[in-house]
There are 2 protein chains.
Amino acid sequence: MQGRTALARKGSETRERLLEAAERAVLAKGFAATSIEELIAEVGITKSGFFYHFGDKGGLAKAMLERHLEHDRAILDDVFGRGDALNEDPLHGFLVGLQLLAEMLGQLKEAHPGCLAASFTYQDQLFNREVRDLNRSGVLAWRERFCTRFALIAERYPPRVPVDLDGLADMASTLVEGGLVLGRAMQDSAILPRQIRLYRDFVRAIFLPG
Amino acid sequence: MQGRTALARKGSETRERLLEAAERAVLAKGFAATSIEELIAEVGITKSGFFYHFGDKGGLAKAMLERHLEHDRAILDDVFGRGDALNEDPLHGFLVGLQLLAEMLGQLKEAHPGCLAASFTYQDQLFNREVRDLNRSGVLAWRERFCTRFALIAERYPPRVPVDLDGLADMASTLVEGGLVLGRAMQDSAILPRQIRLYRDFVRAIFLPG
DNA sequence: AAGTTACTGTACCGGCGGTAGAGTAATCTG
DNA sequence: CAGATTACTCTACCGCCGGTACAGTAACTT
């Protein structure tokens with residue numbers, strides 16, 4: 001049992017430790033300013049070892065994004081799952097989910113995947129197609145999640161005026177990305193949760209006017 | 001006349017040409033991936049010449065940000081000035097201004113200062129305090145502009161429910177920053193203007209309910 | 001005539017991303 | 001037990017890039 005997976009575990013453990021070190025460093029000072037050499041020094045590995053795992057620095061970016069998209073999905077599943085568990089209604093479950101999301105985003109100060117997504121987006125010429133597609137898929141995941149939910153809500157609460165529901169779906173990720181940028185620029189972690197709460201107010205006003 | 005400013009003009013012209021080349025390159029592939037050497041090659045200057053003008057790469061970042069904050073302010077003055085010129089009322093002038101802003105942001109595909117602001121925000125450890133403070137001042141300028149406007153509007157159109165007007169002011173820059181990130185990630189320049197139009201709808205719904 | 005501005009030219013430095021290729025200990029597979 | 005695979009190490013090297021040092025200089029200002 002121990003022997004069976006010792007090497008495989010060692011391999012994936014080293015990789016994982018590299019990703020953790022990279023995450024800390026990148027969130028602190030950006031991807032470009034994070035050197036491979038500092039990562040291998042922290043983990044206690046050689047340069048060859050790094051390139052064995054990731055091929056090049058873009059491979060590291062890709063692995064970091066994959067890791068975070070998964071984490072992202074899990075968080076959204078959690079908050080909206082809990083919102084729906086507390087509420088039969090699709091609208092009110094969603095509103096509770098948004099509230100939970102705001103609280104969650106207020107807690108994790110700056111360790112959000114959006115940081116990575118935005119950061120990579122602005123250096124995307126550095127990376128290969130895979131990284132850009134991954135980034136795209138992250139946005140699409142949010143869009144689809146919110147779009148289907150709004151379609152469900154609109155069935156029960158048809159808005160009296162025509163609303164751009166697709167745009168409203170994108171507004172969630174827009175506010176998260178933008179909120180992270182502003183929060184970072186202003187060193188104020190309260191900005192993002194406040195934006196999410198305003199978004200919740202907006203959604204409520206659309207489907208429950210008056 | 002000609003002679004009086006020939007040298008000074010030459011100096012500032014070279015600087016300006018460097019900034020223009022840098023802007024193109026940075027918007028295309030990011031700041032870190034833009035080398036000083038490619039800029040001086042384009043402008044036809046030596047490395048010493050570059051460092052004469054900017055001191056170091058952070059100096060270039062600072063100059064780019066300054067240039068763009070000024071441009072930014074001019075655009076906002078323009079659109080909301082035009083909005084107000086077409087309308088006596090502070091709310092309706094603002095709503096027209098937002099519409100004009102959406103149109104303007106739809107036209108300039110990706111050459112917006114927000115790109116720079118966000119890009120620099122995610123590499124800010126690279127830069128000195130000045131660059132970070134400049135970035136901050138950009139956000140604060142938007143916040144103050146919108147806050148005073150909302151105070152003015154709220155006098156004439158007191159909202160029936162309590163609204164987070166400060167958060168609503170920040171929502172504008174949040175949506176612009178986030179919209180640029182998403183627009184870039186998705187290669188879709190329609191995302192940002194749509195978000196601004198949704199913002200306009202939100203503002204209208206708050207002050208003109210029903 | 002002296003000083004300032006806006007550079008050029010040369011030479012050099014260390015860090016970084018990346019490559020090449022040989023070697024190896026531990027582990028898995030047949 | 002043999003052979004293949006995994007997860008690396010070690011050594012040596014490359015070119016680019018940001019940055020420094022410093023001397024020189026043509027155009028222009030005072």
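Me: If helices and strands are taken as DSSP runs numbered from the N terminus, what pattern does chain A follow along the sequence?
Reply: In this predicted model, helices are DSSP runs of H or I with at least four residues, and strands are E runs of at least two. On that basis chain A has 9 helices and 0 strands, and its C-alpha trace spans about 65 × 45 × 30 Å along the principal axes. Read along the sequence, the pattern of chain A is therefore α-α-α-α-α-α-α-α-α.

Me: What relation do chain A and chain B have to each other?
Reply: Chain B is superposed on chain A, with an RMSD of 0.1 Å, by a rotation of 180 degrees with 0.0 Å of shift along its axis. That relation is the one given by a two-fold axis.

Me: Which residue of chain B comes closest to the rotation axis, and through what do the copies meet?
Reply: Judged by its C-alpha, at 1.8 Å from the rotation axis, the closest residue of chain B is B:Gly178. Since 100% of the interface residues of chain B are also interface residues in chain A, the copies meet through the same surface.

Me: Is α9(A) roughly parallel or roughly perpendicular to α8(B)?
Reply: The axes of α9(A) and α8(B), the latter covering residues 165-186 of chain B, lie 10 Å apart at an angle of about 100 degrees. Because angles of 65 to 115 degrees count as roughly perpendicular, α9(A) is to α8(B) roughly perpendicular.

Me: How many charged residues does the contact of α9(A) with α8(B) have?
Reply: In this contact, residues of α9(A) including A:Arg194, A:Leu198 and A:Tyr199 meet residues of α8(B), among them B:Asp166, B:Asp170 and B:Met171. By class the contact has 5 nonpolar and 3 polar residues, and the number of charged residues is 3.

Me: Within chain B, are α5(B) and α9(B) roughly parallel or roughly antiparallel to each other?
Reply: The axes of α5(B), residues 90-107, and α9(B) come within 8 Å and cross at roughly 170 degrees. The contact has 13 nonpolar, 2 polar and 3 charged residues, with B:Phe94 and B:Leu98 among those from α5(B), and B:Ile196 and B:Val203 among those from α9(B). As angles over 145 degrees count as roughly antiparallel, the two helices are roughly antiparallel.

Me: Which helices each supply at least two residues of the lining of the largest pocket?
Reply: The largest pocket holds about 920 Å³ of space, and among the 27 residues that line it the closest to its centre are A:Ala205, A:Ile206, A:Pro209, B:Ala205 and B:Ile206. By class, its lining has 19 nonpolar, 2 polar and 6 charged residues. At least two lining residues each come from α9 (191-207) of chain A and α9 (191-207) of chain B.

How values were computed: Residues numbered from 1 in each chain as written. Chains lettered and ligands numbered in written order. Predicted model: local features only at pLDDT ≥ 70, side-chain atom pairs only at ≥ 80, totals over all residues. Heavy atoms only, no water. 1 Å grid on protein atoms, 1.4 Å probe; cavity = no way out; pocket = protein on both sides within 12 Å on 5 of 7 lines; lining within 4 Å. Points joined across faces, edges and corners; volume = space filled by probe spheres on them. Nonpolar A, V, L, I, M, F, W, Y, C, P; charged D, E, K, R; others polar. Axes fitted to C-alpha atoms, helices over the stretch in contact; angles between N-to-C directions. Parallel < 35°, antiparallel > 145°, perpendicular 65-115°, else oblique. Contact = heavy atoms within 4.5 Å. Least-squares fit on C-alpha atoms with pLDDT ≥ 70 in both.
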